[in-house]
Amino acid sequence: MSACPQPPAPPVESLANRHLEPAGSIPLPGRGQSLAWAPDGRRLAFSALTRVYVQELDGQSHPRRLTESEMPAFQPSWSPDGKYIAWSSDLDPAKADDLGAGAGALQNIWIMPASDPEQKRQVTKRGGVMPTFSPDGSR
C-alpha cells in the first residue's frame, strides 16, 4: 500500500483566515515569520522585513506596522488578554557593530500596548529573545 501524496504547503506570504466566509487568505508583506494569533483570534502579529506588524483578520484591513525603528524587530508575542505585544529587538543603533544596524547588537525584549505602539518600553537590559508572557499575564 502506498501513501497518498501530500499537497504542497501554502506560501508563507499568504495565511488562511478562519474568520472569512468562505475561507480566504491574507497577504503578508515580504515573508511573514513568527506568526502569533491574538487570544481573541481576530488579529495576527508577525514579523516581516525586520519589522513587527498586526493584521486584523476581518478580510478588509491591511497589515499595520508597529515598529518604526531602523533596528530589526522579531518574534512578537501577545499577552493573554490581548492588550500587549512583546518582541525582541536590538533597538539601540549605538550598540550595533561594524556590520551595521542590528547585525551584532545585543537583542532585548520590548513591550507595547497593542493599540499604541508609541508607548513601547524595554523590559530587559542584558539580552533576551523569543518573549512569552506567563499564563496570567503578570510576567
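1. In this predicted model, strand 8 (residues 84-89) and strand 9 (residues 108-113) run antiparallel to one another and are joined over six bridges. Within that pairing, Ser88 has Ile109 of strand 9 as its bridge partner.

2. Those two strands belong to an open sheet of four strands, arranged in the order 7-8-9-10 with antiparallel pairing. Its edges are formed by strand 7 (73-78) and strand 10 (121-122), each of which pairs on one side only. As background, strands of a sheet pair through backbone hydrogen bonds, in either a parallel or an antiparallel manner.

3. The largest nonpolar core comprises 13 residues, and those with the most contacts inside it are Ala45, Val52, Val54, Leu66, Trp78, Ile85 and Trp87. Strand 5 (51-56), strand 7, strand 8 and strand 9 are the elements that give two or more residues to this core. Another core, of five residues, lies apart from it, and includes Leu44, Phe46, Ala48 and Tyr53.

4. Val54 deserves a look of its own: leaving aside residues up to four places away in sequence, Val54 touches Arg43, Leu44, Ala45, His62, Pro63, Arg64, Leu66, Trp78 and Ile85.

5. Which residues lie nearest the centre of the largest pocket? They are Ile111, Val123, Phe133, Gly137 and Arg139, out of 13 residues that line the pocket. The space within the largest pocket is about 210 Å³, and its lining has seven nonpolar, four polar and two charged residues.

Terms used. Residues numbered from 1 in each chain as written. Predicted model: local features only at pLDDT ≥ 70, side-chain atom pairs only at ≥ 80, totals over all residues. Heavy atoms only, no water. Pairing = 2+ DSSP bridges. 1 Å grid on protein atoms, 1.4 Å probe; cavity = no way out; pocket = protein on both sides within 12 Å on 5 of 7 lines; lining within 4 Å. Points joined across faces, edges and corners; volume = space filled by probe spheres on them. Nonpolar A, V, L, I, M, F, W, Y, C, P; charged D, E, K, R; others polar. Core = buried A, V, L, I, M, F, W, Y, C linked by side-chain atoms within 4.5 Å. Buried < 20%, exposed > 50% of the residue type's maximum accessible area, 1.4 Å probe, protein only. Contact = heavy atoms within 4.5 Å.
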